[in-house]
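Subject: Structure for your files

Hello,

Here is the structure for you to take over. My notes on it follow below.

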Amino acid sequence: MMINTNTLVSITEANQNFSKVARLVDERGSAVILKNNVPRYLIVEFSQAEQLQAAPDEDVMEISAKLIRQNQEAYEELAK
């Protein structure tokens, strides 16, 4: 995941000025909250949460086909 450095906010600053975090999300689509200088939390608009959480069916089918191709021998052995 690519992180825009302009959306980084320390956890202390987010705690003291959450409206700044909300503005960042409104302007840039997301905000990353750092804890001990490490990205820890991702804040996104609620409407985007479902899109980020669920993989499209096409992606799932493509990944499944790829795994089957890569492990064809194992599947054939298990089928015996």
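**Surface patch, sheet and one arginine**

Helix α4 gives the most to the nonpolar patch, with three residues. This is a predicted model, where local features need pLDDT of at least 70 and side-chain atom pairs pLDDT 80 or more, while totals for chains, interfaces and linings use all residues. Residues are numbered from 1 along each chain as its sequence is written, and side-chain values use heavy atoms, without hydrogens and water.

The patch consists of I63, L67, I68, Y75 and L78, with about 510 Å² of accessible area together (Shrake-Rupley, 1.4 Å probe, only the protein chains shown counting as cover). Patch residues have over 30% relative accessible area and no salt bridge, with nonpolar side chains (Val, Leu, Ile, Met, Phe, Trp, Tyr) joined within 5 Å; a salt bridge is a Lys or Arg side-chain nitrogen within 4 Å of an Asp or Glu carboxyl oxygen. Both α4 (57–70) and α5 (72–79) supply at least two residues. Helices (H or I, at least four residues) and strands (E, at least two) are DSSP runs, numbered from the N terminus.

Three strands make an open sheet in the order β1-β2-β3, with mixed pairing (pairing needs at least two DSSP bridges between two strands). Its edge strands, β1 (8–10) and β3, each pair on one side only. β1 and β2 (residues 30–35) run parallel over three bridges, and L8 stands opposite V32 in β2.

R40 sits in β3 (residues 38–44). Its C-alpha atom is 9.8 Å from that of S10, 30 residues apart along the chain.

Regards

Conventions. Patch = residues over 30% accessible without salt bridge, like charges linked within 9 Å, V, L, I, M, F, W, Y side chains within 5 Å.
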